[in-house]
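Here are my notes on this model. Please read them with the structure open.

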Amino acid sequence: MELEVYIDGKWYPKSEAKISVFDHGLLYGDGVFEGIRAYNCLVFKLREHLDRLYESAHTIMLKISFDHKKMTEVIVQTLKRNHLRDAYIRAVVTRGTGDLGLDPQKCKKPTIIVITDKIVLYPDRLYKHGLEIITVPTVRNHPEAVNPALKSLNYLNNILAKIEATHSGYVEALLLNHQGYVAECTGDNIFMVKNDTLMTPPTYAGVLRGITRAAILDLARHKKIEVEEKILTRHDLFNANEVFLTGTAAEVIPVVKIDGRTIGNGEPGKITQSLMKAFHDLTKKDGVRYSL
Ligand code: PMP
């Protein structure tokens, strides 16, 4: 059976799920989105994802007609219609259909889309042995231009970085901020461990406030691991004992080499592994349950 996609009040088979070419989401990347996971009929951290979606919408002065409750219902119903126990969920709210000019006021009604599908993860061996990443020349968006905290449909900054990484033969890119400090990867936040202290760039370094990032900070504090949100350089990362990335799709994935420098002993570290396990356990508990 073909997957069904929700658009503005109705569900359509995937091949018929279409929006107008005049939608400003397409014409200008004018809109916001969330990537969410369902694990065994539990929508993980749904409240946190919806909070971030509504905050992003508020910043771009986009009024979502649905409240949290209605959005939750639509997401759960879309999962049920597609019989998905484990899924990747994409909630998208665009400015809606307008004319060819920029003016968002010409767009009368936001387009609300919910896509649910099976999740494609990095291969198992990368979770076991770790990723190799590369710093790319593209700098993360300046917070006073398009703040990386805003999860907008404008992902060209990240896509350019991704192109630079894959062009050089790497799957993931490290972006620095406009001051040359570590920001994040194209779709993941970054962490390092040095002398048993867990560190990650503060949000003011210009990063997305990752839901997985927040979960890892909580789990680490719970485990009495020392945690610091601090400005980091590439030098700090090169000389870390452990490095890992966090994100909804990737979850927690170890990094063992950056720009050719081996991190620690070149294998996923103990703290990384214990946080990977703790995160996995959390995905069984923290969210909104549904039944098929
Ligand atoms: N940074 C960027 C740029 C992202 O797009 C994402 C989400 N894919 C993340 C970090 C991780 O955020 P989250 O843990 O909320 O998925």
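1. The largest cavity holds about 70 Å³ of space. The model is predicted, and three cavities of 30 Å³ or more are counted in it.

2. What lines the largest cavity? Its lining consists of Arg140, Asn141, Val146, Asn147, Pro148, Leu150, Lys151, Ser152, Asn154, Tyr155, Asn158 and Leu208. By class, five of these residues are nonpolar, five are polar and two are charged.

3. The second largest cavity has about 50 Å³ of space. Arg37, Tyr39, Phe44, Lys45, His49, Ile211, Thr212, Gly247, Thr248 and Phe279 line it. Four of the lining residues are nonpolar, four polar and two charged.

4. Which domains contribute to the lining of the second largest cavity? Domain 1 (4–117) and domain 2 (124–282) each give at least three residues. Strand β3 and helix α6 (211–222) each supply at least two.

5. Now the sheet. Seven strands form an open sheet in the order β2-β1-β6-β5-β3-β4-β16, and the pairing is antiparallel. β2 (10–13) and β16 (287–289) are the edge strands; each has a single partner, so one side of each lacks a neighbour in the sheet. From one strand to the next, the twist averages 25°.

6. Within the sheet, β3 (residues 31–39) pairs with β5 (residues 87–94) in the antiparallel sense, over eight bridges. Glycine 35 has arginine 90 in β5 as its bridge partner.

7. What lies across β3, β4 (42–44), β5 and β16? Helix α2 (residues 46–59) does, and it runs at about 175° to β3.

Conventions: Residues are numbered from 1 along each chain as its sequence is written. This is a predicted model: local features need pLDDT of at least 70, side-chain atom pairs count only at pLDDT 80 or more; totals for chains, interfaces and linings use all residues. Side-chain values use heavy atoms; hydrogens and water are left out. Two strands pair if DSSP finds at least two bridges between them. Helices (H or I, at least four residues) and strands (E, at least two) are DSSP runs, numbered from the N terminus. Axes are lines fitted to C-alpha atoms, for helices over the stretch in contact, and angles run from 0 to 180 degrees between N-to-C directions. Contact means heavy atoms within 4.5 Å. On a 1 Å grid over the protein atoms alone, a cavity is a set of points where a 1.4 Å probe fits but cannot get out, and a pocket is an open set with protein on both sides within 12 Å along at least five of seven lines; lining residues have an atom within 4 Å of a point. Grid points are joined across faces, edges and corners, and a volume is the space filled by probe spheres set on the points. Ala, Val, Leu, Ile, Met, Phe, Trp, Tyr, Cys and Pro count as nonpolar, Asp, Glu, Lys and Arg as charged, and the others, Gly among them, as polar. Domain bounds come from an automatic or database domain assignment.
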